Amino acid sequence: MMKKKYYLEDFLYKEVSHKYNIKMLDLMILIIILILGLLIRYNLFYFQSEDYIQNLQHWFATIKSNGGIFGIKYLVGNYTPPYTYMLALLTYLPFSSLTSIKLLSVLFDILLSLLVGLIVFCIKNNKNGAISAFAITFLLPTVVVNSSMWAQCDSIISFFIILSLYCFIREHPAMGCFSFGIAIAIKIQSIFLAPLLLFLWIDKRINFKHLLFIPLAYLLSVVPSALAGGNYLEALTVAYWQVTTTATNLSFNCANFWAPLSSVTAPKIAKAGTCFALSITFLTAYYIVSKKPKLDQNKIILISLFYLLLIPF
């Protein structure tokens, strides 16, 4: 009896998931991109940014010296409680503060990239497009540098913003609003997505009770700090003080409309710039609403992208 020959082609095109039409080749390219992306990041882990030297390592040390998870009652720097909780958990890892902080951000790089790929698959039902979206997101220089060089937490915030977007296009408004509330609780810049909520409300995709999940998420994010003995009011308002004490420039190293005036630090001029941004936001929202667009998945993505680019600019 002759044995059947086993060709490489048979292996590569072997079906892994019939439901999503995933072949072994698809799985292999995902693994290769993941490994190469991690290797890129590993080779950048040595770098110590100015922010890490002046702030992050000291915040990490403060939490660790105060008992790790029991140190969450101390609000370190100008970061909000959720990020403090994450730093507290990192203190139990057998790595340096630099490595631990970067590992957290890299983890969210992966989660963010997977979520972007999932959104593309949900909208386009295109496996190759979803894999490409994952790879592009994971290998973007801005994403790589932010986590593995600068040890920043922007991938964490971005994950919850994109998770919110995913929930909205999948018609889970309560979860979408709750995720958006978590994103705001981590960093107030997440508010740039807020105009999307107006369109979702007008299109009757969300209602007032769903919007209540945003402050609920924010309030719950402060509870662990309060239970540990921290000042609840201080933890609740740290995001406000973060903005009002640092937002005195029109541009912070951002190539936006105000970049030529980046050296101007007068608070009232910065507030005038904020009012101008709000004016443009409402004006564009009025124009879009007047066209009475039917919010399908593609339009939700486009409106989100438009405002996430427009408002910082």
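## Overall layout

Take contacts in the protein between residues at least 6 apart in sequence: 64% of them join residues at least 24 apart. The model is predicted. It has 15 helices and two strands. Its C-alpha trace spans about 85 × 55 × 40 Å along the principal axes. The protein has 313 residues, and 41% of them count as buried.

## The largest nonpolar core

The largest nonpolar core holds 57 residues. Seven of its members touch the most other members: Tyr83, Leu87, Ile101, Ile156, Phe160, Leu196 and Leu200. Helix 8, residues 154–169, gives the largest share of this core, with 10 residues.

What does Ile156 contact beyond its neighbours within four places in sequence? The partners are Tyr83, Met86, Leu104, Phe108 and Ile186. Tyr83 is itself among the core members that touch the most others.

## Helix 5 against helix 3

Helix 3 covers residues 50–65, and helix 5 covers residues 97–124. Their axes come within 10 Å and cross at roughly 90 degrees. An angle of 65 to 115 degrees counts as roughly perpendicular, so helix 3 and helix 5 are roughly perpendicular to each other.

Helix 3 brings Tyr52, Leu56, Gln57 and Phe60 to the contact. Helix 5 brings Ser97, Leu98, Ser100 and Ile101. By class, the contact residues are five nonpolar, three polar and no charged.

## Helix 5 against helix 15

Helix 15 runs over residues 297–310. The axes of helix 5 and helix 15 come within 10 Å and cross at roughly 140 degrees. Is the pair roughly antiparallel or oblique? Roughly antiparallel needs an angle over 145 degrees, so helix 5 is oblique to helix 15.

On the helix 5 side, the contact uses Ile119, Cys122, Ile123 and Lys124. On the helix 15 side, it uses Gln297, Asn298 and Ile301. These residues divide into four nonpolar, two polar and one charged.

## Helix 7 and its cover

Helix 7 spans residues 141–148. Its buried residues are Val143, Val144, Asn146, Ser147 and Ser148.

The side chain of Ser148 reaches the backbone oxygen of Val144 at 2.6 Å. Not counting residues up to four places away in sequence, Ser148 touches Arg41, Leu44, Phe45 and Lys102.

Ser105 is found in helix 5. Its relative accessible area is 1%, and buried means under 20%, so Ser105 is buried. Which residues does Ser105 touch, not counting those up to four places away in sequence? They are Ser147, Gln152, Cys153 and Ser155. Of these, Ser147 is a buried residue of helix 7. Ser105 and Ala151 are 46 residues apart in sequence, yet their C-alpha atoms are 7.0 Å apart in space.

Ser179 sits in helix 9. Its relative accessible area is 4%, so Ser179 is buried too. Leaving aside neighbours within four places in sequence, Ser179 is in contact with Phe160, Leu163 and Ser164.

## Positive phi in two loops

Most residues other than glycine have a negative phi. Asn125 has a positive value, near 50 degrees, and is not a glycine. Asn125 lies in the loop between helix 5 and helix 6. Is Asn125 buried or exposed? Its relative accessible area is 61%, and exposed means over 50%, so Asn125 is exposed.

Glu171 also has a positive phi, about 60 degrees, although it is not a glycine. Glu171 lies in the loop between helix 8 and helix 9 (173–186). At 57% relative accessibility, Glu171 counts as exposed.

How values were computed: Residues are numbered from 1 along each chain as its sequence is written. This is a predicted model: local features need pLDDT of at least 70, side-chain atom pairs count only at pLDDT 80 or more; totals for chains, interfaces and linings use all residues. Side-chain values use heavy atoms; hydrogens and water are left out. A nonpolar core is a set of buried Ala, Val, Leu, Ile, Met, Phe, Trp, Tyr and Cys residues joined through side-chain atoms within 4.5 Å. Buried means under 20% relative accessible area, exposed over 50%, partly exposed in between (1.4 Å probe, protein chains only). Helices (H or I, at least four residues) and strands (E, at least two) are DSSP runs, numbered from the N terminus. Contact means heavy atoms within 4.5 Å. A polar contact is a pair of N or O atoms within 3.5 Å; within protein, one must be able to donate a hydrogen and the other to accept it, and residues adjacent in sequence count only if both atoms are side-chain atoms. Axes are lines fitted to C-alpha atoms, for helices over the stretch in contact, and angles run from 0 to 180 degrees between N-to-C directions. Angles under 35 degrees count as roughly parallel, over 145 as roughly antiparallel, 65 to 115 as roughly perpendicular and the rest as oblique. Ala, Val, Leu, Ile, Met, Phe, Trp, Tyr, Cys and Pro count as nonpolar, Asp, Glu, Lys and Arg as charged, and the others, Gly among them, as polar.
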